[in-house]
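Okay everyone, thanks for coming.

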Amino acid sequence: MTTTESAPAPADEVVLEAVGLTKHFPVRRRLRDLLSRTPTVVHAVDDVSIALRRGRVTALVGESGSGKSTVARLLAQLYPRTGGDIRLHGASIRVRGGRRFRAYVRRVQLILQDPFASLNPVHTVRYHLTRSLRIHGNAGTGPDGLEKALADLLTRVSLTPPERYLDAFPHELSGGQRQRIAIARALGADPEVLLADEPVSMLDVSIRLGVLNLLQDLKDRLNLAILYITHDIASARYFADDTIVMYAGRMVEGGDSETVTQRPAHPYTRLLTDSAPDPERITGAGGDADAATERGHGEPPSLIRPPAGCRFHPRCPHAMPRCTTELPPPIPVDDRPGHWAACWLFDPATVAAEKTGTAAATPTAGATAGQEAAR
Amino acid sequence: MNGKVLEIRGLCVDYGIGADAVRAVRDVDLTLHRGEVLGLAGESGSGKSTLAYGLTRLLPPPGVVSGGQVIYHPAEGPPVDVLTLSPARLREFRWAETSIVFQGAMNSLNPVHKVSTQLLDVIRAHEPTSTAASRLARAKDLLRLVGIAADRLDSYPHQLSGGMRQRVMIAMALALEPQLVIMDEPTTALDVVMQRQILGQLAELRERLGFAVLFITHDLSLLVEFSDRIAIMYGGRIVEEAPAARLYAEPLHPYTEGLLHSFPALRGPRRELTGIPGSPPDLRAMPAGCVFHPRCPKAFEPCDERVPVLGPPGVDDPTRAVACWLHPAVAPLPR
């Protein structure tokens with residue numbers, strides 16, 4: 001019932017790992033920039049470390065522009081990285097096209113957001129899936145083998161009976177069915193890792209759940225490691241085992257999904273969870289003004305010149321002088337093992353100072369107050 | 001909630017003419033009261049945008065309004081049927097009485113014109129007698145109203161962030177103080193944080209200016225929080241209409257229930273997510289009887305034969321209406 005294709009392996013084995021992953025995109029230089037020594041770059045992703053484990057879903061949550069999709073493309077080796085390391089089963093890998101790229105892609109597959117754009121409109125489902133199977137050597141032997149492999153793929157993504165879909169063109173399928181074809185195409189390579197970049201955000205609400213359940217089911221049956229990228233933190237709670245929150249190219253909080261969504265520690269995560277639509281909070285007229293200021297204000301910073309220190313400090317209601325100069329490292333939060341936040345509020349020194357009440361250096365709400373607010 | 005501002009009666013919208021016509025909106029009855037936020041929810045293809053474009057006569061061909069009435073009640077004067085307005089009257093009606101914030105409004109600004117040009121153009125077109133100085137002052141006020149500094153008036157759209165562009169669109173929609181603002185997925189392209197800021201501001205503006213909002217979205221959780229009443233559309237018909245809190249607490253139509261159990265909740269206990277099996281209906285081949293019956297877990301004998309009418313499910317409960325054989329209407333909705 002568990003593994004079908006993949007070799008027996010420890011359940012929690014790290015399959016794909018990013019260590020200190022960094023990506024800077026160059027910006028066209030203007031005349032006055034020629035005088036300065038440092039080249040202008042967009043700091044799209046800075047120092048991101050993620051471990052994708054077999055049979056687990058890791059969610060990467062953030063606003064648009066926070067670098068989540070760049071992380072997916074870096075992990076898929078579609079962009080060369082600026083710094084850091086990507087390790088597949090512990091071995092550092094850097095490929096650029098060619099045979100080695102194909103070998104890599106065989107193990108790490110990417111699913112994109114828009115199933116309307118990711119399938120070629122002039123080709124049938126059969127063509128898309130056959131290509132994937134052929135290229136990755138899973139087409140079986142002879143025409144019968146291919147037919148069987150195709151039927152298997154479609155059955156696996158619950159498009160049954162397969163004959164009904166094999167010769168359909170993408171425009172004949174609904175959004176949910178198209179996304180299933182895209183998933184089937186990724187499975188055609190028999191990968192170990194699935195990178196799903198907002199796989200359901202283009203789909204209708206009533207369809208989303210089906211696709212997410214399908215991914216969950218595939219994870220269990222094929223023991224895949226899945227990276228689930230989303231801006232919807234509520235879906236991360238339901239679908240992912242672990243959640244990592246990104247803001248302006250950096251990771252700000254991580255831990256198991258239930259903890260991160262129910263007891264968010266970092267002020268940005270709190271802003272995110274407070275902003276999510278909440279039917280229980282029926283006001284009929286939006287939020288009151290006090291709550292709005294408490295939640296923080298403003299917009300994400302420019303990534304060409306990101307703020308020094310913590311990148312969230314210009315918007316943070318709890319910002320301290322230290323936040324503007326020193327970058328907070330991931331600091332463990334006490335409530336659950338594995339829960340961490342890159343925020344000075346959780347620095348043992350800050351917490352201790354807050355407790356004894358002697359701290360003159362922390363005039364704003366400290367960690368204890370912060371945790372109170374987060375419940 | 002004093003008085004009606006817009007009444008839609010039996011509105012039908014077709015795409016195409018004759019035998020090939022596809023009916024995207026069927027017999028929709030909907031009433032909007034002054035100062036109310038009415039949410040309209042449904043999947044894509046359920047006809048919610050078509051309804052909005054139909055009632056403002058903005059439907060691009062081959063869309064045709066094939067029946068019904070859209071009665072608009074101006075602040076002063078007798079009610080008018082929008083569908084029979086002359087072109088000149090329609091021109092006055094649009095924007096001054098009813099304005100629209102379009103889907104993907106961030107891209108509805110003209111990229112080669114400054115914000116000021118576009119904002120002043122609206123005011124000049126509708127109030128040709130105003131002076132340039134008064135128009136400029138008005139434009140500045142409008143930007144301030146939506147929380148943008150007045151000096152951004154001379155920016156081009158690309159110099160503004162997505163959220164700011166969206167706010168400019170809202171400012172433009174409010175420029176002539178309309179009675180009714182139709183918002184077609186106004187925040188879908190925005191992040192949750194920005195979405196909440198804009199919706200909070202919108203709620204505040206509505207308090208202050210007293211316009212009614214027809215809020216169209218597929219995000220039911222958002223509607224429950226922000227609207228007074230919610231109408232659910234499926235397959236071109238309204239299948240349920242109720243005050244937001246009632247709809248959330250006690251959905252009557254199985255489709256509404258399915259929708260409510262489709263989105264994961266961030267707070268509270270982890271609810272069982274059931275979703276809705278199957279896929280939305282094909283408008284070219286609508287199922288007989290209740291359109292939802294092929295996907296409905298509770299379908300029974302009359303569902304595949306007779307179309308349920310929208311009406312209040314009980315005598316004691318005139319605030320809500322549902323079109324489902326499980327809750328047969330006691331009487332057709334009084335209009």
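So, let's start in chain B. Helix α3 of chain B, residues 115-126, packs against helix α4 of chain B, residues 132-145, at an angle of about 115 degrees, with the two axes 10 Å apart. Keep in mind that this is a predicted model. The way α3(B) passes α4(B) is a right-handed crossing.

Which residues in α3(B) and α4(B) meet? On the α3(B) side we have S116(B), L119(B), L120(B), I123(B) and R124(B). Across from them, α4(B) brings R135(B), L136(B), R138(B), A139(B) and L142(B). If you sort that contact by class, you get 6 nonpolar, 1 polar and 3 charged residues.

Look at the numbering in those lists for a second. An α-helix has 3.6 residues a turn, so residues three or four places apart point the same way. Keep that in mind for the next helices too.

While we're in chain B, find helix α1, residues 48-55. Is it buried or exposed? In α1(B), 8 of the 8 residues are buried, so this helix is largely enclosed by the rest of the structure. To put names to them, the buried residues are K48(B), S49(B), T50(B), L51(B), A52(B), Y53(B), G54(B) and L55(B). Then, just after α1(B), there's R57(B), which takes a positive phi of about 60 degrees.

Okay, over to chain A. Chain A has 13 helices and 12 strands. Of its 375 residues, 46% are buried. And if you take the contacts in chain A with a separation of 6 or more, 64% of them are between residues 24 or more positions apart.

Let's zoom in on helix α3 of chain A, residues 125-135. Here we'll look at two of its partners. One is helix α4 of chain A, residues 142-156, and the packing angle there is about 110 degrees, with the axes 10 Å apart. That makes α3(A) roughly perpendicular to α4(A). From α3(A), the residues R126(A), L129(A), T130(A) and L133(A) meet L146(A), A149(A), L150(A) and L153(A) from α4(A). That contact divides into 6 nonpolar, 1 polar and 1 charged residue.

The other partner is helix α6 of chain A, residues 175-187. At what angle do α3(A) and α6(A) pack? About 25 degrees, with their axes 8 Å apart. So α3(A) is roughly parallel to α6(A). The crossing of α3(A) past α6(A) is right-handed. In this contact, V125(A), H128(A), L129(A) and S132(A) of α3(A) meet I181(A), A184(A) and R185(A) of α6(A). Sorted by class, that's 4 nonpolar, 2 polar and 1 charged.

Next, zoom out to the domains. Chain A is divided into domain 1, residues 14-247, and domain 2, residues 264-278 plus 287-374. Where they touch, domain 1 of chain A puts in 11 residues and domain 2 of chain A puts in 12. On the domain 1 side, the elements giving two or more residues are β2 (41-53), α8 and β9 (242-247) of chain A. Which of them gives the most? That's β2(A), with 3 residues. The domain 1 side as a whole has 7 nonpolar, 3 polar and 1 charged residue.

Now for how the two chains meet. The contact takes 36 residues from chain A and 40 from chain B. On the chain A side, α7 (205-222), α8 (233-239) and α10 (267-275) each give two or more residues. The largest share of that side comes from α7(A), with 6 residues. By class, the chain A side has 14 nonpolar, 14 polar and 8 charged residues. And notice α8(A): it's listed for the side facing chain B, and it's also listed for the domain 1 side that touches domain 2.

Last stop, a single residue. P330(A) is in the loop between α11 (289-295) and β11 (331-332) of chain A. With 16 other C-beta atoms within 10 Å, P330(A) counts as partly exposed. Leaving out residues up to four places away in sequence, P330(A) touches W340(A) and A342(A). P330(A) and W340(A) are 10 residues apart along the chain, and their C-alpha atoms are separated by 5.9 Å.

That's my tour, so over to you.

Key:
Residues are numbered from 1 along each chain as its sequence is written. Chains are lettered from A and ligands numbered from 1 in the order in which they are written. This is a predicted model: local features need pLDDT of at least 70, side-chain atom pairs count only at pLDDT 80 or more; totals for chains, interfaces and linings use all residues. Axes are lines fitted to C-alpha atoms, for helices over the stretch in contact, and angles run from 0 to 180 degrees between N-to-C directions. Helices (H or I, at least four residues) and strands (E, at least two) are DSSP runs, numbered from the N terminus. Angles under 35 degrees count as roughly parallel, over 145 as roughly antiparallel, 65 to 115 as roughly perpendicular and the rest as oblique. Two residues are in contact if their C-beta atoms, placed from the backbone, lie within 7 Å. Ala, Val, Leu, Ile, Met, Phe, Trp, Tyr, Cys and Pro count as nonpolar, Asp, Glu, Lys and Arg as charged, and the others, Gly among them, as polar. A residue is buried if 20 or more other C-beta atoms lie within 10 Å of its own, exposed if 12 or fewer, and partly exposed in between; C-beta atoms are placed from the backbone. A crossing is left-handed if the near helix is turned anticlockwise from the far one by less than a right angle, and right-handed if clockwise. Domain bounds come from an automatic or database domain assignment.
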